[in-house]
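Subject: Structure handover

Hello,

Here is the structure we talked about. My notes follow below it.

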Amino acid sequence: MDKEALKNFNGTIPRAPQIEEEIEEDSFEGYLRQHFRDIVNPRTMSSDGKKIIDFPTFYSWRKEIGTVLTIEEIEGIYNTIVENKEGCDLMDFILINKIIDENDGA
């Protein structure tokens, strides 16, 4: 790690937002939140009342913005995060995209 960065380290390690209220508008998470809002069907809700996106909707959107991963690879990531839920909510959507971006073209 950079010696100068270590000297100025104040003990706080930045972390990704854990809930929607922690998302800053001008951030990667804010960018993804806007996309989520653009593609989510307002009538598609999970049993606990969260707006959700199913895999076909997610994949169609993800293909539009670009990826080199196959549908099987993306579906594997999606299913790992969503697991036994009815679809991905906003925070799942952000996490899935971070994982895809970390693996896309690697």
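A residue is called buried under 20% relative accessible area, exposed over 50%, and partly exposed in between. By that rule Lys50, with a relative accessible area of 42%, is partly exposed. Please keep in mind that this is a predicted model.

Overall layout

The protein chain has five helices and zero strands, so its pattern along the sequence reads α-α-α-α-α. The C-alpha trace spans about 50 × 30 × 25 Å along its principal axes. Of the 106 residues in the protein chain, 31% are buried. When contacts between residues at least 6 apart in sequence are taken, 54% of them join residues at least 24 apart.

Helix H5

Helix H5 runs over residues 90–103. At the start of the helix, a side-chain oxygen of Asp89 comes to within 3.2 Å of the backbone nitrogen of Met91. After the helix comes Gly105, with a positive phi near 75°.

Which residues of H5 are buried? They are Leu90, Asp92, Phe93, Ile94, Ile96, Asn97 and Ile100. The cover over these buried residues includes helix H2 (28–39), helix H3 (55–65) and helix H4 (71–82).

Nonpolar core and aromatic rings

The largest nonpolar core has 21 residues, and Phe58, Phe93 and Ile96 touch the most other members. H2, H3, H4 and H5 are the elements that give two or more residues to this core. Leaving aside neighbours within four places in sequence, Phe93 is in contact with Leu32, His35, Phe36, Ile39, Ile53, Phe58, Trp61 and Cys88.

There are eight aromatic pairs in the structure. One of them is Phe55 with Tyr59: the ring centres are 5.8 Å apart and the planes are at 25°, so this pair counts as stacked. Both residues lie in helix H3, four residues apart, which is about one turn of the helix. Phe55 and Tyr59 are both buried.

Another pair is Phe58 with Phe93, which is edge-to-face, at 5.7 Å centre to centre and 85° between the planes. Phe58 belongs to helix H3 and Phe93 to helix H5, so the pair ties together parts that are 35 residues apart in sequence. Relative accessibility is 0% for Phe58, and Phe93 also has a relative accessible area of 0%, so each counts as buried. Ring pairs link Phe36, Phe55, Phe58, Tyr59, Trp61, Tyr78 and Phe93 into a cluster.

Salt bridges

How many salt bridges are there? The count comes to eight.

Asp89, already mentioned at the start of H5, forms a salt bridge with Lys50, with the closest N and O atoms 3.3 Å apart. Asp89 is in the loop between H4 and H5, while Lys50 is in the loop between H2 and H3, so the pair ties together parts that are 39 residues apart in sequence. Asp89 counts as buried at 11% relative accessibility, whereas Lys50 is partly exposed.

A second salt bridge joins the side chains of Asp101 and Arg62, at 2.7 Å from N to O. Here helix H5 supplies Asp101 and helix H3 supplies Arg62, so parts 39 residues apart in sequence are tied together. Asp101 is partly exposed at 36% relative accessibility, while Arg62 is buried at 3%.

Arg33 and Glu25 also meet through their side chains in a salt bridge, at 2.7 Å from N to O.

Regards

Terms used. Residues numbered from 1 in each chain as written. Predicted model: local features only at pLDDT ≥ 70, side-chain atom pairs only at ≥ 80, totals over all residues. Heavy atoms only, no water. Expected span 1.5 Å × (residues − 1). Buried < 20%, exposed > 50% of the residue type's maximum accessible area, 1.4 Å probe, protein only. Contact = heavy atoms within 4.5 Å. Polar contact = N/O pair within 3.5 Å; in protein donor to acceptor, adjacent residues only side chain to side chain. Salt bridge = Lys/Arg side-chain N within 4 Å of Asp/Glu carboxyl O. Core = buried A, V, L, I, M, F, W, Y, C linked by side-chain atoms within 4.5 Å. Phe/Tyr/Trp six-rings, centres within 6.5 Å; stacked < 30°, edge-to-face > 60°.
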